[in-house]
Amino acid sequence: MGLPALPDKRLPTWLVGGLAGYLIALKLVLVFFAQPQIDETYYWLWGQHLELSYLDHPALHAWLQGLASWLLGWNLFAMRALTLLTSGITIWVLYDWCRRLAGEHWLQALCLTIALYCSSPIMLIYSSLALIDRLLLVLVMLAVHCLARFGTTWEAEGRLALRWLYAGAVCLGLAVLSKYLGAVAGAAAIVVVLVRPGLRPLLRSPHLWLAAGLALAIQAPTVIWNSQSPVTNTAFQLMLSDAPPLQAIRWTEIVTILSEALILLSPFCVPAIAVFLFRRSGPGLGGMLHELSRWVFIVSSLGLLTLEVVFARDVIAYWNVLAYAAFFGLSAWFIRSRVLQLLQIGYGAVLSTLLVYHFTVFPFLDGRIGVRAGDFYGWDRIAAATAAAQASTGAAFVAADNWESGSELAFAMRSPGVVSLSPRIDAYSQWQDEQSLAGQTAVVLESRDSLAALQTRFDSLELISSIEAMSWGRPVRSYRLYLGRGFRPVAR
């Protein structure tokens, strides 16, 4: 099998099944009821302005969001509908692994794996909301699945199972077309071919190189866009760092990242992660899955460490989500103690419940954690006030002082034409034509005490009203609406 044998003493299937069901229920609450998150609405707008690529990321997720809006309309369900598909595929892959690796105990192993996979709040939340990560995670998992089947067949029979090889290449290519982090899985696959003696003869097969070429060919839209854009994706990402590269190691930031990861994963899985990383992979499908997953974890972690240390990029703990997924997909074989399994799932269930309440009902954790969910509440009220102000003043367009508020407002108003007055370049720059709005009047939403900056963009600004975003009758955030006359476009 190639993985550690499942322990003889197991938690009852009814118990882990119930825990898995509870965590899946939390996931569905997020899908159907969580307040629209800033990045979700930003990516939704990408789908309303289709391009070959975007400054922040490649275009696959935006294309699918555009398709969702065309099929299902402009609403919260349409924005998150893809999550139901990606979650279903994830469960199917985990089912196939457990059926092949756990034998007669496959159902208990599947319930335990789903419960452990969802026990990390970072996995539960970022695979549920309408973020690119939900697509990235499932495509990398499919790539690992296909390439493991291919590698296992080669090692056991000396036969090229070409359907698995080329399917894996397509999944890898699509993963990178959704987010550049998908290249982590490609790099991991290369390392596995080099470190496993039984796979090295594949380097002489033209099919391996043709599959690699296929994965690269899928990036053609991104390559074409970058060749025509004055600012490439890479240059844009490096712009986001305020510190020069190759400076002294920022130990405080590294410790912060590790601390955040420990909280979001839980301390109870750390010993199992160590075994996962350092245990030698065996033969068979289990060993191949372990080898590929382990190197996805290592390559992803080292890559983000390089961004932090070499390029002085402010790395966030959740960016390493591919590493976490790589471990949790096989965690039932590595978190072996029933006590640790219960502690891991219980920790995640409690923390995830609090976070789901924070994102869905009331942002009671604002000021205590890094994500201000208060920014996500009250947008229907803000949109109604903005629409009323535009109707009463006859303003030509609606604007916001930054892309974050602009995206939330655009989604709530169901208007892809909301203008972002952010001073920094962003995806709005790809479709926003400020010159055509010169001299016109706008209703402007201020959300960040940016009045001084806004005054430079108009001949005059007049306060229309203040708006309180509310949740359960309590204010969570304040905004101001202005009437701006004589818009002054700037080049970004």
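Predicted model: local features only at pLDDT ≥ 70, side-chain atom pairs only at ≥ 80, totals over all residues.

Biologist: Which helices do the buried residues of H2 pack against?

Modeller: They pack against helix H3 (60-72), helix H4 (76-101), helix H7 (132-157), helix H19 (403-413) and helix H20 (428-431).

Biologist: And what happens at the start of H2?

Modeller: There, a side-chain oxygen of glutamine 37 comes to within 2.9 Å of the backbone nitrogen of aspartate 39. Aspartate 39 is among the buried residues of H2.

Biologist: You mentioned H7. At what angle do H7 and H16 pack?

Modeller: The angle between H7 and helix H16 (residues 321-328) is about 45°, and their axes are 10 Å apart. H7 is therefore oblique to H16.

Biologist: What is the handedness of the crossing, and which residues make the contact?

Modeller: The crossing of H7 past H16 is right-handed. H7 contributes Asp133, Leu136, Leu137 and Val140 to the contact, while H16 contributes Val321, Leu322 and Ala325. In terms of class, there are 6 nonpolar residues, no polar ones and 1 charged residue in this contact.

Biologist: Changing topic: where does serine 281 lie? Is it buried or exposed?

Modeller: Serine 281 is in the loop between helix H14 (270-278) and helix H15 (284-309). Its relative accessible area is 11%, so serine 281 counts as buried, the cut-off being under 20%.

Biologist: What is serine 281 in contact with?

Modeller: Neighbours within four places in sequence aside, serine 281 is in contact with Arg196, Gly287, His290, Glu291 and Arg294. For glutamate 291, the side chain of serine 281 reaches the backbone nitrogen at 3.5 Å.

Biologist: How many Å separate the C-alpha atoms of serine 281 and aspartate 39?

Modeller: The separation is 38 Å, and the two residues are 242 residues apart along the chain.

Biologist: Lastly, where does serine 300 lie, and what does it touch?

Modeller: Serine 300 lies in helix H15. With a relative accessible area of 2%, serine 300 is buried. Not counting residues up to four places away in sequence, serine 300 touches Val184, Asn320, Leu322 and Ala323. Leu322 also takes part in the contact between H7 and H16.

Conventions
Residues numbered from 1 in each chain as written. Heavy atoms only, no water. Buried < 20%, exposed > 50% of the residue type's maximum accessible area, 1.4 Å probe, protein only. Helix = DSSP H or I, 4+ residues; strand = E, 2+ residues; numbered from the N terminus. Contact = heavy atoms within 4.5 Å. Polar contact = N/O pair within 3.5 Å; in protein donor to acceptor, adjacent residues only side chain to side chain. Axes fitted to C-alpha atoms, helices over the stretch in contact; angles between N-to-C directions. Parallel < 35°, antiparallel > 145°, perpendicular 65-115°, else oblique. Left-handed = near helix turned anticlockwise from the far one by under 90°. Nonpolar A, V, L, I, M, F, W, Y, C, P; charged D, E, K, R; others polar.
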